[in-house]
Each structure stands twice: as structure tokens, then as C-alpha cells.
Amino acid sequence: MQNIFEYLQSNYLENIGIVSTLICVWLNTKQNIWGWPMAILAAIVYGIIFYQAKLYSDMELQIVFVIISIYGWWQWLYGSEEKNTLKVIITPKRYFLVLLVIFILFSCISGYLHKKFTDASWPYFDSSLTAISLIAQWILARKYLENWILWILANAGYVLMYFSKNLFGTSVLYILLLALAIKGYFDWRKSMMDEI
């Protein structure tokens, strides 16, 4: 246990990423708009960390997270038809097939490119988790309830991958994010039911 504490003390950048990510997701479970600026900070920090760990698909994901976080910030403020705050709803069925095709195509193409042209670790698994995360982040920005189900799946996979890369602090973070995703699902479902 002492080794984990020494590791966390010597990895200040990872600590900033851990704290900003936890604050971001906790604020998202509360549907608090300030989760979006925290998401931008966390994405920048983790972009650097993943570059250093040669998890290039995850690094690229962080760039997209910055863009989606700006979009989500605006959506949560003005995205409804009345140009005011969005309400939690079920993902429209028309998106399911499109999102599945995006997941498969992104996972296969990104995994292949990272395997062929980089020294990426776990290229297909990493690319699949990236695809799930991109989809989850987009539907989070639209306040679709099912984003939390996707985050549960992605976070479980990330725990395994980061632990294997000796990113122990980040592994613990993703265990906490897994718990927050479960909480987020039930909190958002209750919020949606209260609106009915």
C-alpha cells in the first residue's frame, strides 16, 4: 500500500487529472453545468498523460472530449427547443443503429491504424473503449439517460487497461468513475421520472 501512496505523491499531473475528472463526473451526476469546464481541464491533463503512456487512441479521445465538452456546455444551457435547459430523456431509437455502426467502424479502423502505424498498446481494445466513450460523451451532452450505461461499460474496461499500464492512480479513478456512473444512471432516471 505504501508504494501506491508514493506513486501518487510523485505523479502530480495524474493527481490533477484524477481530481478534475472526479469533480467533473460528480457534477454531471448532479446535472450541474460546471461539470463541463472541469471536463475540459481533465481532458487536457489526460491528453498529456495518455501521450506519455503511448495510449494514442485515448489521447485523441481527450481532444474530442474538449470539443464535445464545449458543445455539451452550450447544449445544457440552450439546447432545448425552447432554447433553455435540457431535460433528461431516453435516447431516441433512431440513433441506436447509427451509434452501433459508428462504434464498429471506429473500433476497427482506429484499432487497425494504431496497430499498423504506431507502437500503441492494446490498439483494438483501446479503440473500442474510445468509441464507447465518444458515443457516451455525445449522448451525455444531449442528456440522454443511456450515457451512464455506456460509461459503466467503458469504465470497467478502462480499469483493466490502466492497471495493466501501471497507471494505478488512474485505475483507482476509473473504479470511482464506475461507481459514479452507476449513481448517475439512477439519479438521472429518478430525475426523468420526476419530470413525468
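**Close-up views of a cavity and a pocket**

**View 1. Lining of the largest cavity by class.** In this predicted model, the lining of the largest cavity consists of 17 nonpolar, seven polar and one charged residues. Here Ala, Val, Leu, Ile, Met, Phe, Trp, Tyr, Cys and Pro count as nonpolar, Asp, Glu, Lys and Arg as charged, and the others, Gly among them, as polar. Local features need pLDDT of at least 70 and side-chain atom pairs count only at pLDDT 80 or more, while totals for chains, interfaces and linings use all residues. Residues are numbered from 1 along each chain as its sequence is written, and side-chain values use heavy atoms, with hydrogens and water left out.

View 2. On a 1 Å grid over the protein atoms alone, a cavity is a set of points where a 1.4 Å probe fits but cannot get out, and lining residues have an atom within 4 Å of a point. The largest cavity holds about 360 Å³ of space, a volume being the space filled by probe spheres set on the points, which are joined across faces, edges and corners. Of its 25 lining residues, Thr21, Val25, Phe65, Gln137 and Trp151 lie nearest the centre.

**View 3. The largest pocket.** A pocket is an open set of points with protein on both sides within 12 Å along at least five of seven lines. The largest pocket has about 220 Å³ of space. Its lining includes Phe96, Phe103, Ile139 and Glu146. By class, this lining has nine nonpolar, one polar and one charged residues.
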